Amino acid sequence: MDTSVLIGDDGPGDVEAAISVVSLTELHFGVLLATDDDERARRTDRLAAVESTFDPLPVTPEIARAWGRLAAAVRQRGGQPRRRQIDLAIAATASVEHVPLLTHNTADFQIIADLVDVRLPAQAGG
């Protein structure tokens with residue numbers, strides 16, 4: 001599950017889901033960047049809820065290899081993989097785990113749509 005689903009107002013619905021440890025990186029980063037106390041508190045609460053709900057999948061050597069392949073594919077197709085490293089790590093995790101990547105930002109993955117099963121959360125069941 002992409003971080004966009006974790007921070008969105010609408011959850012993934014009634015699906016079995018997992019997250020990458022990389023998503024926790026994004027969530028921690030978001031907390032640290034918040035300049036408003038109320039926003040920081042809201043983000044901290046969300047992070048705590050995610051951490052108590054999920055046992056994040058680690059970045060294994062197999063995921064690292066898939067991540068490298070996806071980054072190379074993005075580059076070979078004219079994209080900028082360095083700008084999308086977090087997304088590519090999450091996509092690699094989904095690919096290795098043979099599960100769809102649920103995201104609200106399907107356009108972010110368009111360039112590798114033939115390599116990773118990317119779906120909106122509402123499409124998770126199919």
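**S20.** I started with S20, which sits in the loop between α1 and α2. Helices here are DSSP runs of H or I with at least four residues, strands are E runs of at least two, and both are numbered from the N terminus. Buried or exposed? S20 counts as buried, because its relative accessibility is 2%. My cut-offs are under 20% relative accessible area for buried, over 50% for exposed, and partly exposed in between, with a 1.4 Å probe and protein chains only. Not counting residues up to four places away in sequence, S20 touches P56, L57, I90 and T93. Contact means heavy atoms within 4.5 Å.

**Housekeeping.** I note that this is a predicted model, where local features need pLDDT of at least 70, side-chain atom pairs count only at pLDDT 80 or more, and totals for chains, interfaces and linings use all residues. Residues are numbered from 1 along each chain as its sequence is written, and side-chain values use heavy atoms, with hydrogens and water left out.

**Helix α2.** Next I looked at α2, residues 21-33. Its 13 residues reach 19 Å from first C-alpha to last, close to the 18 Å expected at 1.5 Å a residue. The expected span is 1.5 Å times one less than the number of residues. Which residues of α2 are buried? I found V22, S23, L24, L27, G30 and V31. They pack against α1 (3-7), α3 (37-53) and α5. I reminded myself that an α-helix has 3.6 residues a turn, so residues three or four places apart point the same way.

**L27.** L27 is buried, with a relative accessible area of 7%. Leaving aside neighbours within four places in sequence, L27 is in contact with T3, L6, I7, L47 and V50. L27 and V50 are 23 residues apart in sequence, and I get 9.1 Å between their C-alpha atoms.

**α2 on α3.** Two packed helices are described by the angle between their axes and the distance between the axes. The axes of α2 and α3 come within 8 Å and cross at roughly 160°. That makes α2 roughly antiparallel to α3. For the record, axes are lines fitted to C-alpha atoms, for helices over the stretch in contact, and angles run from 0 to 180 degrees between N-to-C directions. Under 35 degrees is roughly parallel, over 145 roughly antiparallel, 65 to 115 roughly perpendicular, and the rest oblique. The crossing of α2 and α3 is left-handed. Left-handed means the near helix is turned anticlockwise from the far one by less than a right angle, and right-handed means clockwise. From α2 I listed L24, L27, H28, G30, V31 and L33, which meet R40, R43, T44, L47, V50 and E51 in α3. By class, this α2 and α3 contact has six nonpolar, three polar and three charged residues. Nonpolar covers Ala, Val, Leu, Ile, Met, Phe, Trp, Tyr, Cys and Pro, charged covers Asp, Glu, Lys and Arg, and polar is the others, Gly among them.

**α2 on α5.** How do α2 and α5 pack? Their axes are 8 Å apart, at an angle of about 150°. α2 is therefore roughly antiparallel to α5. I read the crossing of α2 and α5 as left-handed. V22, S23 and E26 of α2 make the contact with I86, A89 and I90 of α5. I sorted the α2 and α5 contact into four nonpolar residues, one polar and one charged.

**α4 on α5.** Helix α4 (residues 61-76) and helix α5 (residues 85-97) have axes 8 Å apart and an angle of about 125°. So α4 is oblique to α5. α4 passes α5 in a right-handed crossing. The α4 side of the contact is E62, I63, A66, W67, L70, A71 and V74, and the α5 side is Q85, L88, A89, A91, A92, T93 and V96. I put eleven of the α4 and α5 contact residues down as nonpolar, two as polar and one as charged.

**H98.** I then went to the loop between α5 and β1 (101-102), where H98 is found. Phi of H98 is near 60°, a positive value in a residue other than glycine. Most residues other than glycine have a negative phi. H98 is exposed, with a relative accessible area of 73%.

**L120.** Last, I checked L120, in the segment after β2. L120 counts as partly exposed, because its relative accessibility is 34%. Its contacts beyond four places in sequence are L102, T103, H104 and T106. L120 and L102 are 18 residues apart along the chain, with 5.5 Å between their C-alpha atoms.
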